[in-house]
Number of protein chains: 2
Amino acid sequence: MDPYDLVVEAQRRQSQVDAVLDRFFSLAKSRASAVGPRYLTLWQTLERNSAGGKRFRPTMVMGAYEALGGTDHEAAAHVGAAFELLHTALIVHDDVIDRDFIRRGGVNVSGVYRDFAQTAGIPVPAAEHRGLSVAVIAGDLALFNAFRMIDKAGVGDEMRTRLHDIFDEAMFASAAGELLDVDFSQLKSMPTVDEVVDMERLKTAVYSFEAPVEAGAVLAGAPEEAVSALAMFGRNIGIAYQLVDDLLGVFGDEAATGKTTIGDLREGKRTALIAYASARPEWIEISRWLGLPDLTRAQAGVVRTALEDCGARQYAEDLAREYASRASAALDSPALPEAARVEFRPVIDSVLDRVR
Amino acid sequence: MDPYDLVVEAQRRQSQVDAVLDRFFSLAKSRASAVGPRYLTLWQTLERNSAGGKRFRPTMVMGAYEALGGTDHEAAAHVGAAFELLHTALIVHDDVIDRDFIRRGGVNVSGVYRDFAQTAGIPVPAAEHRGLSVAVIAGDLALFNAFRMIDKAGVGDEMRTRLHDIFDEAMFASAAGELLDVDFSQLKSMPTVDEVVDMERLKTAVYSFEAPVEAGAVLAGAPEEAVSALAMFGRNIGIAYQLVDDLLGVFGDEAATGKTTIGDLREGKRTALIAYASARPEWIEISRWLGLPDLTRAQAGVVRTALEDCGARQYAEDLAREYASRASAALDSPALPEAARVEFRPVIDSVLDRVR
């Protein structure tokens, strides 16, 4: 497929998912306004929070579905929308856990309600707690509606159960990963590289990559071997994606990624990079600076150099390439049709393009 | 039915629901231990949090189901267990919102994880945040599994959709009520009595009374008029229950209810009692004391006397009786069999017994 067609396809999928989510939010807002204006505002805020994304997970669902011969775009768009709502629920609650009031450069649900409260004259700590409280509620709404969205795909009993099982696995994994992440960020001991990779797989890769492609393949009625091969692709490319994301969070080009390269260092985020470095002599230098909330650009430069000197950067890049190549091998499975490779090779390439 | 038989029936229902929940938690714990010991601990903590309750909502489901002729106790126990998990999710998240670390005299999920963190040497504010963070995750697990529990009732497609719709309404209402409650407790303006009643209906009465009896009746295949009559009973007795609960929170016998009568006054909780009093001349006196975190027993006595003098106590008691009598009228509907009255009159009586 030539690049122009790929763009057209991506836009078609995105607009199909957007249409499903528009209908969902319209109905919810109309029900909410029957309860009262405050509830309507909450739903409007939740809708704005779920808009503006790249609809990445729905695209994975629909890509797998179509590559494996599925033709009921509406059904696939509903399953995709379910993953999008799950994503919304998880990031809204993740922001509560991280006490973040900003997401993608704008205020998130917690931020909107913190600001409402401050405007009403409530002092900062109470206003922040009010923001986080409402975000707990908003995330709950997105979460249970994600499960319900699968029901609306209009599939038979057995298929619905299989999709729910995949969705359940994704949520089960994500909660486990979030728990480990809370442990890593709040406890003192340093996790191993394997523990970090496992946490990132559970927290993000399963629900963002593995489960969406698996659900798409199952919905298309693909044979078991094709489903497994695609799930294996998703799992590995998901891990590679997270490893690269962590690298970009320290060594990226801020202008290109739009992502600060000092935030993760100030936060002391436990990544594969950091876990590897913690067993090297350079750690003495790195640990002096890592996690300082007011780390300067110059100090961050010192940390970056030490991470390169001790081989952590090279190690993490190699690890990302290793997972990407496992993803590639899974995609080469004879159980998968060529269409699956046409669909997902660009995903592997885009992950690898982001490594130095 | 004689009182002894009622007790036997109640125990049978409770043990059927407990068996469903035991199986659910056993399976979840076995899946969690495959992920790691920390995840197993979270599931064990969640299970302990959901145990020890009176299984009130499941009993409402099963009572309605059996009174309306249902005979598949397993199916009803699953729907009951779904409401119990929903209840667990809602109280775990409600405790996050209220920053409570104690529930029913023991530590809740937030409390367990706060204590773990403190034992690990983490200072109080961070340890508390860790407790609340893990409780956000735990509530999410209970919430999505509540929806899935309906699927396990083994009913047909159409019935499942109807049950999910009722469940959806309950969760939709509860989120709205929680939002209003957050507003009432954190904003300065005083809600009206109607607004308080509406909040309590949405937050608690729908998912604890109305939706459980409705689901039980639907599952039994009862005719539409019987379902509506029972739902109307549930809605009204649920509101009456909350009004009485608020009265007991101020005027109750601590030895009998096991509930402090000073906590709500110290918190400044917005109840029908308080909303009524706020428009009376005695409010000047009441508002001096209400919401003081260190309110003394003597000052609380002054507030109670003023609440009686201004007629707020009488008003709230009359209002509770009014809703109980609406519940009674709904139960007298010719659309309902005598068995429904035998089942639910004691619920009305127990609510009224708690009013002076």
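B:Tyr207 is buried, with a relative accessible area of 5% (buried means under 20% relative accessible area, exposed over 50% and partly exposed in between, with a 1.4 Å probe and protein chains only). The model is predicted: local features need pLDDT of at least 70 and side-chain atom pairs count only at pLDDT 80 or more, while totals for chains, interfaces and linings use all residues. Residues are numbered from 1 along each chain as its sequence is written, chains are lettered from A and ligands numbered from 1 in the order in which they are written, and side-chain values use heavy atoms, with hydrogens and water left out.

B:Tyr207 belongs to helix H8 (residues 193-219) of chain B; helices (H or I, at least four residues) and strands (E, at least two) are DSSP runs numbered from the N terminus. Its contacts (heavy atoms within 4.5 Å), leaving aside neighbours within four places in sequence, are with B:Arg57, B:Phe83, B:Leu86, B:His87, B:Leu90, B:Ile91, B:Ala170, B:Ser174 and B:Pro212. With B:His87 there is a side-chain to side-chain polar contact at 2.7 Å. A polar contact is a pair of N or O atoms within 3.5 Å; within protein, one must be able to donate a hydrogen and the other to accept it, and residues adjacent in sequence count only if both atoms are side-chain atoms. Between B:Tyr207 and B:Gly238, which are 31 residues apart in sequence, the C-alpha to C-alpha distance is 9.2 Å.

B:Thr45 is part of helix H2 (residues 37-50) of chain B. Residues up to four places away in sequence not being counted, B:Thr45 touches B:Val109, B:Val112 and B:Tyr113.

Over all chains, the structure holds 74 salt bridges, a salt bridge being a side-chain nitrogen of Lys or Arg within 4 Å of a carboxyl oxygen of Asp or Glu. In chain B, B:Asp245 and B:Arg354 form a salt bridge in which the closest N and O atoms are 3.3 Å apart. B:Asp245 lies in helix H9 (residues 224-251) of chain B and B:Arg354 in the segment after helix H16 (338-353) of chain B, so this pair ties together parts that are 109 residues apart in sequence. B:Asp245 is buried at 17% relative accessibility, whereas B:Arg354 is partly exposed at 31%.

In chain A, the salt bridge of A:Asp332 with A:Arg345 has its closest N and O atoms 2.8 Å apart. A:Asp332 is in the loop between helix H15 (312-331) and helix H16 (338-353) of chain A, and A:Arg345, 13 residues apart from it, is in helix H16 of chain A. The relative accessibility of A:Asp332 is 41%, which counts as partly exposed; A:Arg345, at 33%, is also partly exposed.

Salt bridges also occur between the chains, where 16 are counted between chain A and chain B. One of these joins the side chains of A:Arg38 and B:Asp183 at 3.1 Å, N to O. In another, the side chains of B:Asp168 and A:Arg31 meet at 3.2 Å, N to O. B:Asp168 lies in helix H7 (residues 157-186) of chain B and A:Arg31 in helix H1 (residues 3-35) of chain A, so this pair joins two chains. B:Asp168 is buried, with a relative accessible area of 5%, and A:Arg31 is partly exposed at 24%.

Between chain A and chain B, 22 residue pairs are in polar contact, both residues at pLDDT 80 or more. At least two residues of the side of chain A that touches chain B come from each of H1, helix H2 (37-50), helix H4 (73-97), helix H6 (124-151) and helix H7 (157-186) of chain A. H7 of chain A gives the most to this side, with 18 residues. By class, the side of chain A that touches chain B has 28 nonpolar, 8 polar and 15 charged residues; Ala, Val, Leu, Ile, Met, Phe, Trp, Tyr, Cys and Pro count as nonpolar, Asp, Glu, Lys and Arg as charged, and the others, Gly among them, as polar. The contact takes 51 residues from chain A and 50 residues from chain B. About 4,900 Å² is buried between the two chains, 62% of it on carbon and sulfur atoms; buried area is the accessible area (1.4 Å probe) that two parts lose on being put together, summed over both.

Chain A is superposed on chain B by a rotation of 180° with 0.0 Å of shift along its axis, at an RMSD of 0.0 Å. The two copies are thus related as by a two-fold rotation axis. Superposition is by least squares on the C-alpha atoms of residues with pLDDT of at least 70 in both copies. The same surface serves both copies, as 98% of the contact residues of chain A recur in chain B. Of the residues of chain A, A:Phe144 comes closest to the rotation axis, with its C-alpha at 3.0 Å.
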